[in-house]
Structures are given as structure tokens and as C-alpha cells.
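The stops below proceed from charged side chains to particular pairs and end with a surface patch.

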There are 2 protein chains.
Amino acid sequence: MSHTSGARQAQKQQTRRALLDAALHLLEGQNLSSLGVREVTREAGMSPAGFYRHFRDMADLGVTLVEESLASLHGMVLAVLAGPDEAEELIDRAVDVVAGHVREHRAHIRFLARERHGGVRPVREAIGAELARFADEVAAALADQPASAGWSAEDLLMLAELYVEHLVSTATAFLDVPEDRPELDLRISRVARRQLRLISVGRRHWRDS
Amino acid sequence: MSHTSGARQAQKQQTRRALLDAALHLLEGQNLSSLGVREVTREAGMSPAGFYRHFRDMADLGVTLVEESLASLHGMVLAVLAGPDEAEELIDRAVDVVAGHVREHRAHIRFLARERHGGVRPVREAIGAELARFADEVAAALADQPASAGWSAEDLLMLAELYVEHLVSTATAFLDVPEDRPELDLRISRVARRQLRLISVGRRHWRDS
DNA sequence: TCATTCAGTAAACAACTGTTTGCTGACTTT
DNA sequence: AAAGTCAGCAAACAGTTGTTTACTGAATGA
């Protein structure tokens, strides 16, 4: 077994990163299914053949990007859940965290939105599976809240899925804001907060049909 | 001005349709940004040059597909809204209509889901603009319901956007069901109904914070 | 020090791409 | 019946593509 750190491995990781960054950059303007090996290596400043020292093919690189993107997204979900239990505060915090996350990881989030239903099967499935995992985590967190007393596991999951779906759609809404109209961010935040509040009202009155 | 019907125009429309169908078929497995002119004409059984008698380029064909797809989707939205006012019935009806629509227009709906955040700007924008129009229509329909008494226009729109977003995500959930697991449709319907019910509970208790 | 490993390269492969050109022949108009 | 229109075609254009091959030379391990 070879060491993972050495001048050798370090160099390799560095050009691997260059490939991933080049791909991520190019993917801001196109889909993974139209991204070419030569295109990426050209952008990364290396020869086409070098690509195959790191990835089997483009779908392989895509799956790696999914893992990266979802790792940061996962951090965000945990950050939201770790907040206060009180509904109002939690909602404000959640929307702010999403807005900040999109601002700081634009390319990754765009990639996820674009490839979630995109034309590359393994990538699509990796995203779907991970979003399902998020929903499970959210459901588990909800179960710990006092407001969930008397809720069935099934209903908790359906609520969690509603939250995750809302999170995703809010994130993509932020994404679609043109660079020159940053004031739209405020409207998105306001609407998202109200929608979450409405859902939380529904949650509070769920039992008395 | 030439007649729109004549043996001439009829033939033209027919091969135009063949091109659109061929594209729609190929787009089940890839993104518009990777779809080639030659690929489409080959599938449609004609020569590459013929393509340009009908479309300026692929993005142009894509926008045409958006119009088609959204026309049928629009019909669906109207069908949902035209139902009974009573919440419970309306929810059941809405979910059934979505399920049926996805079953009957799979390729169109998949295309919309795939290109909504896809890499072809004009297509993306056409979809976004039309979804916004749907939200406006839903908001207008909501305004006519007695349950909306005392609601501001802004809140009605935020509720309508929540509904539209939920409709879209339900439709894509149906899409992702593998051909050999049709029993999953039932779970999706059940969850979607409960989520809509929860939202409608929130709506009913919205005013008393 | 010397042999080995291996990330990155240059070159070549056949196959593919979008688009333009001039043409043909069936339809349409006069 | 003659003249005109125009959808679809074959061929050619200059590129591009993914992938394999044999190679180089610096980092590694003995």
C-alpha cells in the first residue's frame, strides 16, 4: 500500500483538482452529457490522455462531483437542524443558511440542480439517493422535537420530504437570480420564509384534521 | 400569404413532426445540449441538411418542444383548477390528474424536468417564464375561493407558487419510478396527497398566526 | 546509487460533428 | 400548359471528438 502523502501523490491530487475545477467551471454553461474529455483537459491545461489517469470517463468524474457537492450540502442541512427548536427562529435561520450556501457554492449547487434530472444515469441516481438520505436525517431530527409528539414515522417522513423539496427549490430559485438583479434575493427569502411558516402552521394543526 | 393546408404544407408539417418526435425520443436518454442535428435527422430518417428547412438550430427546436410540452401541462393545470372547491376532493383530483398526465405525456414531462435547469439558456428561460405564468393563474383561481377571504395578493401568490412547485416535484417523482416498480406510484400519490392536505391545513389556520 | 513506478505527453486513429452548396423533382400558381 | 416555388438530398467542408499507443522524466524505494 502506497502512502497517500508524498510529493508524488500531492501532485496527482493537485491536477485531479484542476480537472474537477475545470469541469465545474464549464458545467456552469452546459450539461454533463455534453461535456467532453478534451474540453475539460484543455481548460485544465493538460493533455487529453492524462484524463484517464484520474477518471474512467466523464460519468465517473460526474459522480465525484456529486459526492463533493453533496458533502457541502450535507453540512448545510446539519447546520440548519442544529439551530434552535423554536419554529420562527429556525425558519429564518434555515433560509439564511440556504442563501449563504448558494452564494458560496454556486457552481456545485448549479451542478446538482442541472444534473438531478439530467441525462447521465449514475449521476442522477447518486443525487437522488443522497437527497433521500437527507430526508431521512431531517425526519429523524423532527422526531426529536416536542412538536412531533404523536406523529407517525410515515407522516414525519412525508413532512421531511416536503421540507427537503422546499429547500431544493429555494436554492434553485436563488440560483436563477441574474447577476445584475440581486434585489430579487430578498423576495425569494421572504416568500420562502412565509411558505415555511405556512407549512409549520399546518404542522401545528395537523392532528385536529 | 400561402395556404397552411395543401399537399405541400401538409408534407412539411409531417416531417417537422417527425423531427420533433425523433428529438423527443432521443431526449429521454440525454440532454438537449448534447443532442446533435445529425443524430435527430438520422432518427427521423432524413438527410441532415433538411433539418434547416424547419429549425435554425437545436435550441430553436428545443423552444418549440417547450411550447408543446407546456401547452399540455397548461391543460392539466386548468383541469385541476376546474374541479370542486372542496379541499379534500380537489386534492385527490389534483394528484390523480398529475399521475395520469405523466403517464400519458412521459417524454414531454421528462423533457421539461430535464431542461428546466439545463444548459440551454433560451429553453430554460421559456420554461421558467411559463411556470411563473402558471403560478399567476393558480393565484387568480385561489382568489376566487371563499377560503381566501382576507388574503393579500402577495400571500396568494406565495401559496400558488408553493402549489406549483409541489406539482412539479410530484410529477418528477412519478417520472423517476422505474418501469418495473409501478407499485411506487401508490406511495408517491399517498405522500403527495398528505403534503397537500398539510398545506391546506396551514392555509386554513393561517390568519391566527 | 540504481532500478522501478507512474503522472503526464505527443501523435495517431477512425469516426463523428454543424453547416453550406447546388441540385432535383413534385407541388402550386398563373 | 408553362413558370415558379421550395422540401429534401448528396456531397463536400474543415473541424471536432474519445481513446490507445509508446514515450519521458521526475519522484520513489531498495
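Begin by selecting the charged side chains of chain A: there are 26 positive and 31 negative ones, and the centres of the two sets lie 5 Å apart. Please note that this is a predicted model.

**The whole of chain A**

Display chain A as a cartoon. Its secondary structure consists of 8 helices and 0 strands, and the order from the N terminus is α-α-α-α-α-α-α-α. Along the principal axes, the C-alpha atoms occupy a box of roughly 65 × 45 × 30 Å.

Now switch to a surface display. Chain A exposes about 10500 Å², of which carbon and sulfur atoms supply 52%. Of the 209 residues in chain A, 46% count as buried. When contacts in chain A between residues at least 6 apart in sequence are considered, 64% of them join residues at least 24 apart.

**Charged pairs**

Return to the charged side chains. Side chains of opposite charge can pair when their charged atoms come close. Over all chains, the count comes to 26 salt bridges.

Select Glu68(A) and Arg17(A). These two residues form a salt bridge, in which the closest N and O atoms are 2.1 Å apart. The pair links distant parts of the chain, for Glu68(A) belongs to helix H3 (residues 58-81) of chain A and Arg17(A) to helix H1 (residues 7-26) of chain A, 51 residues apart.

**Across the chains**

Next, show chain B as well and select Arg190(A) together with Glu154(B). A salt bridge joins Arg190(A) to Glu154(B), with 3.2 Å between the closest N and O atoms. This pair crosses between chains: Arg190(A) is in helix H8 (residues 184-204) of chain A, and Glu154(B) is in helix H7 (residues 153-175) of chain B. The relative accessible area is 39% for Arg190(A), which is therefore partly exposed. Glu154(B) is likewise partly exposed, with a relative accessible area of 40%.

**Within one helix**

Move to chain B and select Arg17(B) and Asp21(B). The closest N and O atoms of their salt bridge are 2.7 Å apart. Where do the two partners lie? Both are in helix H1 (residues 7-26) of chain B, 4 residues apart, about one turn of the helix. Arg17(B) has a relative accessible area of 33% and is partly exposed; Asp21(B), with 37%, is also partly exposed.

Salt bridges that share partners join Arg17(A), Asp21(A) and Glu68(A) into one network.

**A patch of negative charge**

For the last stop, select Asp85(A), Glu86(A), Glu89(A) and Asp144(A). Together they form a patch of negative charge on the surface. Centre the view on Glu89(A), which is located in helix H4 (residues 87-104) of chain A. Why does Glu89(A) count as partly exposed? Its relative accessible area is 46%, and the partly exposed class is the one between under 20% for buried and over 50% for exposed.

Notes. Residues are numbered from 1 along each chain as its sequence is written. Chains are lettered from A and ligands numbered from 1 in the order in which they are written. This is a predicted model: local features need pLDDT of at least 70, side-chain atom pairs count only at pLDDT 80 or more; totals for chains, interfaces and linings use all residues. Side-chain values use heavy atoms; hydrogens and water are left out. Patches are made of residues with over 30% relative accessible area and no salt bridge: like charges are joined within 9 Å, nonpolar side chains (Val, Leu, Ile, Met, Phe, Trp, Tyr) within 5 Å. Accessible areas come from the Shrake-Rupley method with a 1.4 Å probe; for residues, only the protein chains shown count as cover. A salt bridge is a side-chain nitrogen of Lys or Arg within 4 Å of a carboxyl oxygen of Asp or Glu. Lys and Arg count as positive and Asp and Glu as negative; His and the chain ends are not counted. The place of a charge is taken as NZ of Lys, CZ of Arg, CG of Asp or CD of Glu. Helices (H or I, at least four residues) and strands (E, at least two) are DSSP runs, numbered from the N terminus. Buried means under 20% relative accessible area, exposed over 50%, partly exposed in between (1.4 Å probe, protein chains only). Contact means heavy atoms within 4.5 Å.
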